[in-house]
Amino acid sequence: MDIETVREYCLSKKATTEDTPFGEDILVIRVMGKMYLCINLNTPDRITMKCDPEYALELRDHYNAIEGAWHFNKKYWNQVFLDSDANDKLIKHLIDHSYEEVLKKFTKKMRTEYDILP
């Protein structure tokens, strides 16, 4: 999988937007303003995603492609190398998981707003 495929997959998700708040070379993917994925355009072989803390540790133990994210809270964020032992199916699952982790933290008001979106 490449970063353009990752980007397109993310943007196909409900209420997802992208921006570059950390500079033109850092693409941030958000659901209703909350970040769930980050792509450094200078290192297109990896992406950074939110993850449940216990699951994050389990993934790091099982895959060479997954490690604690650089410059992020490693308890909640994983860096996934796209050219290693994480296949496309796993990467899509991890994107979905990251998206869901952010949805779980929505306030009741945000969840209601999200639910009424098409």
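Biologist: What makes strand β4 (residues 46–50) a partner of β6?

Modeller: Five bridges join β4 to β6, and the two run antiparallel. Two strands pair if DSSP finds at least two bridges between them, so five bridges meet the rule. One example is Arg46, which stands opposite Phe81 in β6. Keep in mind that this is a predicted model, in which local features need pLDDT of at least 70, side-chain atom pairs count only at pLDDT 80 or more, and totals for chains, interfaces and linings use all residues. Residues are numbered from 1 along each chain as its sequence is written, and side-chain values use heavy atoms, with hydrogens and water left out.

Biologist: How many bridges join strand β5 (residues 66–68) to β6?

Modeller: Three bridges join β5 to β6, again antiparallel.

Biologist: Why is β6 described as largely enclosed?

Modeller: Five of the five residues of β6 (residues 77–81) are buried, so the strand is largely enclosed by the rest of the structure. Buried means under 20% relative accessible area, exposed over 50%, and partly exposed in between (1.4 Å probe, protein chains only). Trp77, Gln79 and Phe81 point one way from β6, Asn78 and Val80 the other way, and all are buried. In a regular strand the side chains alternate between the two faces of the sheet.

Biologist: How do you know that Gln79 is buried?

Modeller: The relative accessibility of Gln79 is 7%, which is under 20%, so Gln79 counts as buried. Contact means heavy atoms within 4.5 Å. Leaving aside residues up to four places away in sequence, Gln79 touches Arg46, Ile47, Thr48, Ala65, Ile66, Glu67, Gly68, Ala69 and Trp70.

Biologist: And what makes Met32 partly exposed but His71 exposed?

Modeller: Met32, in the loop between β2 and β3, has 24% relative accessibility, so it lies in the partly exposed range. His71, in the loop between β5 and β6, has 70%, which is over 50%, so His71 is exposed. Met32 has a positive phi of about 45 degrees although it is not a glycine. His71, also not a glycine, has a positive phi of about 65 degrees.

Biologist: Why do you say that the buried residues of α1 line one face?

Modeller: In helix α1 (residues 3–11), Ile3, Val6 and Cys10 are buried. Seen down the axis of α1, its buried residues fall within an arc of 55 degrees, so they line one face of the helix. The arc is that of the directions from the helix axis to the C-beta atoms. An α-helix has 3.6 residues a turn, so residues three or four places apart point the same way. The cover over the buried residues of α1 includes β1, β2, β3, β4 and α3 (88–104). Glu4, which also lies in α1, counts as partly exposed at 37% relative accessibility.

Biologist: Finally, how do you know that the chain agrees with a compact globule?

Modeller: With 118 residues, a compact globule would have a radius of gyration near 13 Å, and the chain has 14 Å, which agrees. That radius is taken over C-alpha atoms, and the globule rule is 2.2 Å times the number of residues to the power 0.38. Buried residues make up 40% of the 118 residues in the chain.

Definitions and conventions
Helix = DSSP H or I, 4+ residues; strand = E, 2+ residues; numbered from the N terminus.
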